[in-house]
Amino acid sequence: NELAVNQNGNTNWQDAEKAEIDQLDEYDTFKDLGPNAAIPEGHKKIPCHMVYDFKHDGRYKARFVAGGHRTGDPIGSIYSGVVSLPGIRIVTAIAEMNDLEVWGTDIGNAYLESYTTENIVFTAGPEFGDRAGHLFKIVKALYGLKSSGKCWHDRLHDTLRDMGFFPSKAEEDIWMRDKGDHYEYIAVYVDDLLIASKDPGSIVDALKAPPIGFKLKGTGPLAFHLGCDYFRDEDGTLCYGPRKYIDRMVQSYERLFGTKPSTKYTSPLERNDHPELDDSDLLDEDGIAQCQSLIGVLQWTITLGRFDIATAVMTMSGNRVAPRQGHMKRESEP
């Protein structure tokens, strides 16, 4: 850390670490057992560490995560579901047909809103300041633990039931509430909520107020959700499409290849082309990673609604395990 300050003249990463630790303390994530404390009976000691990210908006982000790979599998299921994208489309269509408002919101530090079911301790590192060297017991569902996703899922499940919602028989993560002349809906994707209601503000207020007390962000009329933009056309019809996602794809393409992708093609498929017959040299390790990354973002673009490129992308996906230079040329040629 001191070396980073001397070289860069700033404390951005140190500040990010402090903000993360302060946040964990705010949620009472740990119980401090003190320095040189013995490991409690029935508990397992694991390492924990910081993960760093530089966000697209310029923020420095540090996330403290547990080394959950060092623990055994908990008894029972550790999996939690999420709403499907077709489920989200159905909810928005129902909302549009019944004059419901559609809002989106994100629950901040969602996992820390729930308690872990695992008995785990760790020794605090230098990022904990004066508490470095203390033995800490993990109390909340810290990121990295195997059961944390399921713990959060169950916590939100109980919260929505207490609010009078019940899960759809078609999809467990689409929640409904009978309001007499209409139903309200909440579609859950981990910590991202899509709310359809005649009064979505009242649902948001209930989620923020005690005893629930979730910290919500990005709350308001739906404009962007799970990589997709939501907007109205000139006739006022609600539409969705991956506009921002494609813009970011173009920016990534420019960073990789130093040029903008071509817009001259009227079809994503080249006539009489057969990539499965390509016998050019295999790509090196970096080339394979680039090729697979390009295929991955295009597959998600299809999922978000660009069905017109499905055949071309699936054709190229058949070669993603061992792509060749000719395959990369097809993907990167402007």
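Colleague: How do the residues of the lining of the largest cavity divide into nonpolar, polar and charged?

Modeller: They divide into 7 nonpolar, 1 polar and 1 charged. Here Ala, Val, Leu, Ile, Met, Phe, Trp, Tyr, Cys and Pro count as nonpolar, Asp, Glu, Lys and Arg as charged, and the others, Gly among them, as polar. By the way, this is a predicted model, where local features need pLDDT of at least 70, side-chain atom pairs count only at pLDDT 80 or more, and totals for chains, interfaces and linings use all residues. Residues are numbered from 1 along each chain as its sequence is written, and side-chain values use heavy atoms, with hydrogens and water left out.

Colleague: Which residues line the largest cavity?

Modeller: Start with the general idea: rolling a probe the size of a water molecule over the atoms shows where empty space is left. On a 1 Å grid over the protein atoms alone, a cavity is a set of points where a 1.4 Å probe fits but cannot get out, while a pocket is an open set with protein on both sides within 12 Å along at least five of seven lines; lining residues have an atom within 4 Å of a point. In this model, the lining of the largest cavity is Leu85, Ile88, Arg89, His225, Leu226, Cys228, Tyr230, Tyr240 and Leu304. Helix H3 (85-97) gives the most, with 3 residues. Helices (H or I, at least four residues) and strands (E, at least two) are DSSP runs, numbered from the N terminus.

Colleague: What about the second largest pocket: which residues lie nearest its centre?

Modeller: Those are Lys55, Asp106, Asp191, Asp192 and Lys217, out of 32 lining residues. The lining divides into 11 nonpolar, 10 polar and 11 charged.

Colleague: And which residues have the most contacts inside the largest nonpolar core?

Modeller: A nonpolar core is a set of buried Ala, Val, Leu, Ile, Met, Phe, Trp, Tyr and Cys residues joined through side-chain atoms within 4.5 Å. Buried means under 20% relative accessible area, exposed over 50%, partly exposed in between (1.4 Å probe, protein chains only). The largest core here has 22 residues, and Ile107, Leu156, Leu160, Ile186, Leu193, Leu207 and Phe214 have the most contacts inside it.

Colleague: Is glutamate 20 buried or exposed, and why?

Modeller: Glutamate 20 counts as buried because its relative accessibility is 3%. You'll find glutamate 20 in helix H2 (residues 12-26). Leaving aside neighbours within four places in sequence, glutamate 20 is in contact (heavy atoms within 4.5 Å) with Met50, Lys61, Ala62, Arg63 and Phe64.
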